[in-house]
Amino acid sequence: MALSGVEIFKLLPKTNCKKCGFPTCLAFAMKLAQGQIDLSSCPDVSEESKRVLGEASAPLIKTFNLGTGAKAAKMGGETVLFRHDKKFFNPCVFALNIKDTLSDDELTKKVDEVLNSEIDRVGQNLRIDAISLEFASNDSSRYESVVKLISQKSPEVPVILNCKDPSAADRAVKAIADKKPLLYGASEANAEAMVNIAKTNKIPLGVYAEGLTALSALTEKIKGMGVEELVIDSGARKAKDIVELNTQIRRAALKKGFKPLGYPAINFILKNDPVLEASIAAVAAVKYASIIVLSSIEKWKNLALFTLRQNVYTDPQVPMQVEQKIYKLGEPNADSPLLITTNFSLTYFIVSGEVENSKIPSYLAVMDCEGLSVLTAWAAGKFTAGKIAQFIKESGIENQVKHRVLIIPGMVAILSGALEEKLEGWKIVVGPREANALPTFLKSKTA
Ligand code: SF4
């Protein structure tokens, strides 16, 4: 956003009518300046102001989707260089590179690897998000048939068509245009033909040039031809080059408002050594890549990269949290144990995982502590005897269990006496300090 809140305010109707949901036009202007709302929320803004503000409020990095449907990946739209300044919005896409020279059986196996890559981590589904299909056969019929095969086997997975040959690209794009694939491979040499394909089929275009000067000249040329949804490849393949060039791209777009580089960046890693590939991909994930193309899938590599991406793209100002309620783990009955913890996501998933490992059906009372872990919540005065007692009484658990025994985390053993006083008729049992001791603890209590 190039305009300040006050500059935006001058262009608004200044009636404080509240139709936008804000009490004043100034409050609306401040939010618009921060990129947190859309100009369309104000129905009374004049056409001239719309034109000026529309230009100024356009994202500095173009935003669009790769693919369609539930697994479509949103790219671009970032507003800050550093995550702690605000947050990063659209997690980078991990794509598996597949060559069309593989046999149909090998292709099917690769597609299955992508489909089976999904894992659940702290309540989020993480996966290899896309397939990048490389035109290596030099046979446009083969490429087209492989595109169709992949589309049929994984209809929801977004596809990158990595093909620099316009005639082969044309056939392949036509086969899956409704899936909104990314056509990658536009260069100075083939720009016109590739732009025509992208324009005709309304799909984004991947643009390649060696170095940022050539790249920005090419994106301007292509934009002038009528394609604006671009993904840019600076030619960086080594970690050092990825850091340098991706950073320059992001800085130019956000700090200088340099539109020719205001697009999501793609990095092809493609190393034979999986450790080296994982290391360079990690660098790209941290340093501004929107699409990272990998040569292989390994579970350990997925776990490392997914975890890193999740850490980079969570909001640093909002702890990850789960809903406050009594969770049933297994099929507990009126005699099942009752444990309590806080609603920090990681705490919940670790504790619930260990209780499930014990194979003892249990109730887990998860108390809203604004997403803080047990010890932090206690230190902040959010996980106190009084608040726990109130939560337990209001939760309705007394109607579900016959006993009156509450297991508290060992980290807050100090609360047991006060809690027994506040929670009349209940016995407080101090559980283990670490969640991994819960299976043994629960088995000993129910033996
Ligand atoms: S709707 Fe428009 S005019 Fe009304 S308060 Fe909001 S910004 Fe101001």
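Mentor: Start at the end of helix 10. Helix 10 is followed by Y288, and the phi of Y288 is positive, near 80 degrees. Helices here are DSSP runs of H or I with at least four residues, strands are E runs of at least two, and both are numbered from the N terminus. Keep in mind that this is a predicted model: local features need pLDDT of at least 70, side-chain atom pairs count only at pLDDT 80 or more, and totals for chains, interfaces and linings use all residues. Residues are numbered from 1 along each chain as its sequence is written.

Trainee: Is Y288 buried or exposed?

Mentor: Y288 counts as buried because it has 24 C-beta neighbours inside 10 Å. The cut-offs: buried means 20 or more other C-beta atoms within 10 Å of the residue's own, exposed means 12 or fewer, and partly exposed is in between, with C-beta atoms placed from the backbone.

Trainee: How many residues does helix 10 have?

Mentor: Helix 10 covers residues 274-286, which is 13 residues. From first C-alpha to last, helix 10 reaches 18 Å, close to the 18 Å expected at 1.5 Å a residue. The expected span is 1.5 Å times one less than the number of residues.

Trainee: Which of its residues are buried?

Mentor: In helix 10, E277, A278, I280, A281, A284 and A285 are buried. Their cover includes helix 9 (239-255), strand 11 (265-268), strand 12 (289-294) and helix 11 (299-313).

Trainee: Switching to helix 4. What's buried there?

Mentor: L107, K110, V111 and V114 are buried in helix 4. They lie on the same side of helix 4, because they cover an arc of only 100 degrees around the axis. The arc is that of the directions from the helix axis to the C-beta atoms.

Trainee: And what's on the other side of helix 4?

Mentor: D105, E106 and K109 are there, and they are exposed. Strand 3 (93-99), strand 6 (130-134) and helix 5 (140-153) are among what covers the buried residues of helix 4.

Trainee: Now helix 16. Which residues are buried?

Mentor: Helix 16 spans residues 438-446, with L438, F441 and L442 buried. Their arc around the axis is only 95 degrees, so they fall on the same side of helix 16. T440, K443 and S444 are exposed on the other side. The cover over the buried residues includes helix 12 (345-358) and strand 15 (362-367).

Trainee: Zooming out, what domains are there?

Mentor: The assignment gives domain 1 (5-57), domain 2 (64-313) and domain 3 (325-446). Such bounds come from an automatic or database domain assignment. The centres of domain 2 and domain 3, taken over C-alpha atoms, are 45 Å apart.

Trainee: How many helices and strands does the protein chain have?

Mentor: The chain has 16 helices and 17 strands. Of its 447 residues, 40% count as buried.

Trainee: Last one. What's around the ligand?

Mentor: 13 residues surround the ligand, and the closest are C17, C20, C25, F28 and C42. A residue counts as near if its C-beta atom, placed from the backbone, lies within 6 Å.

How values were computed. Two residues are in contact if their C-beta atoms, placed from the backbone, lie within 7 Å.
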